[in-house]
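User: I have a structure to get to know. Can you walk me through it?

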Amino acid sequence: MTWNSTMSSGYSSLEEDSEEYFFTARTSFFKKPLGKVTESKDVEKERELRTEFSREEIRQKIEHYNSVTRDHLKMTLGSSGVYTGFIKVQMDLRRPVTVRGGQRGGGGAVVEEAFYLPRGVINTLHISSNNTVRQVIVALLNKFTVADNPAKYALYKRYRREEQVYVCKLADGEQPLFLRLMAGPDVDTLSFVLREQQTGEVMWDAFSIPELRNFLRILDKEEEEQKEAVIRRYEAYRQRLQEALREVRGTS
């Protein structure tokens, strides 16, 4: 796999099931609702879950995709039936990552540093229909020389349905280019986001010692900021009470 060095719009060539949770654009978090649905929605669900198409069906879908795409990132169908194309992935990492540095420390060991990646960076990857979600995650981490365990991250799909935006975690074995083809090129209809695993418990054993130390420094800083905020708030209350007391004494 090859990458260019552009940070704002990275490009890569990468050729060769868990319970679903949803949260809206307002960040409310909830499980996929259960219950009865109408027959039309059942038909729609069957259409969405269909993952096998004939070569002719794939060819027709690729032709339609290429005819409506606006950014010239077209798909190509190979003689073997494998097709290639492009996906864009937004980096939305809230925690610091461990990055391999170019310098070497004592004993020739590669120096690792922990810092925040800029949120919202878009990376464009050239992949094939055989590439899985896990391969895409590894490629994205390699782009930024991230040394963290890929299992700490997950690829999500963001999509719109009935004027509501949903985000759903993708399984490791899913194929992002197939999802892109089925949804069409419009990123408002479907887009991909890389985030940390949204699990109930933090996998502390997956973090390195420098990462854990960096987390402690961040927590100490946040603790001090919270203390200062509380002190400022009560100082303001004290000043108001003292002013009110002076006014009462002045009028008595």
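Analyst: We can go from the overall picture to single residues. Keep in mind that this is a predicted model.

User: Fine. How many helices and strands are there in the protein?

Analyst: The protein has five helices and 12 strands.

User: What share of the residues counts as buried?

Analyst: The protein has 252 residues, and 31% of them count as buried.

User: Let's pick a helix. What does α2 span, end to end?

Analyst: The end C-alpha atoms of α2 are 20 Å apart. The helix has 14 residues, and at 1.5 Å a residue they should span 20 Å, so the two values agree.

User: Which residues of α2 are buried?

Analyst: Ile 58, Ile 62, Tyr 65 and Asn 66 are buried in α2. They cover an arc of only 95° around the axis, so they sit on the same side of α2.

User: What do the buried residues pack against?

Analyst: The buried residues of α2 pack against β5, β6 and α4.

User: Which residues are exposed on the other side of α2?

Analyst: His 64 and Ser 67 are exposed there.

User: You mentioned α4. Where does Leu 179 lie?

Analyst: Leu 179 is in helix α4, which covers residues 176-183.

User: Is Leu 179 buried or exposed?

Analyst: Leu 179 counts as buried, because its relative accessibility is 16% and the cut-off for buried is under 20%.

User: What is Leu 179 in contact with, leaving aside neighbours within four places in sequence?

Analyst: Leu 179 is in contact with Leu 170, Glu 174, Leu 190 and Phe 192.

User: How far is Leu 179 from Ile 87?

Analyst: Their C-alpha atoms are separated by 9.8 Å. Along the chain, Leu 179 and Ile 87 are 92 residues apart.

User: New topic. How many salt bridges are there in the whole structure?

Analyst: A search of the whole structure finds 10 salt bridges.

User: Show me one. Which residue does Lys 88 pair with?

Analyst: Lys 88 forms a salt bridge with Asp 71. The closest N and O atoms are 3.7 Å apart.

User: Which parts does the pair tie together?

Analyst: Lys 88 lies in strand β6, residues 83-91. Asp 71 lies in the loop between α2 (55-68) and β5 (76-77).

User: How accessible are the two partners?

Analyst: Lys 88 is partly exposed, with a relative accessible area of 35%. Asp 71 is partly exposed too, at 36%.

User: What about helix α5? Which residue does Glu 224 bridge to?

Analyst: Glu 224 forms a salt bridge with Lys 227. The closest N and O atoms are 3.9 Å apart. The two residues are three residues apart in α5 (residues 209-251), so about one helical turn separates them.

User: Which residues are linked in a network of salt bridges?

Analyst: Glu 56, Arg 59 and Glu 63 are linked that way.

User: Which residues form a nonpolar patch on the surface?

Analyst: Val 230, Tyr 234 and Tyr 237 form one, with about 290 Å² of accessible area together. Tyr 237 is in helix α5 and is partly exposed, with a relative accessible area of 39%.

User: Last one. Where does Ser 128 lie?

Analyst: Ser 128 lies in strand β9, residues 122-128. Ser 128 counts as buried, at 1% relative accessibility. The C-alpha atoms of Ser 128 and Thr 76 are separated by 9.3 Å, although the two are 52 residues apart along the chain.

Note on methods:
Residues are numbered from 1 along each chain as its sequence is written. This is a predicted model: local features need pLDDT of at least 70, side-chain atom pairs count only at pLDDT 80 or more; totals for chains, interfaces and linings use all residues. Side-chain values use heavy atoms; hydrogens and water are left out. Helices (H or I, at least four residues) and strands (E, at least two) are DSSP runs, numbered from the N terminus. Buried means under 20% relative accessible area, exposed over 50%, partly exposed in between (1.4 Å probe, protein chains only). A salt bridge is a side-chain nitrogen of Lys or Arg within 4 Å of a carboxyl oxygen of Asp or Glu. Contact means heavy atoms within 4.5 Å. Patches are made of residues with over 30% relative accessible area and no salt bridge: like charges are joined within 9 Å, nonpolar side chains (Val, Leu, Ile, Met, Phe, Trp, Tyr) within 5 Å. Accessible areas come from the Shrake-Rupley method with a 1.4 Å probe; for residues, only the protein chains shown count as cover. The expected span of a helix is 1.5 Å times one less than its number of residues. The arc is that of the directions from the helix axis to the C-beta atoms.
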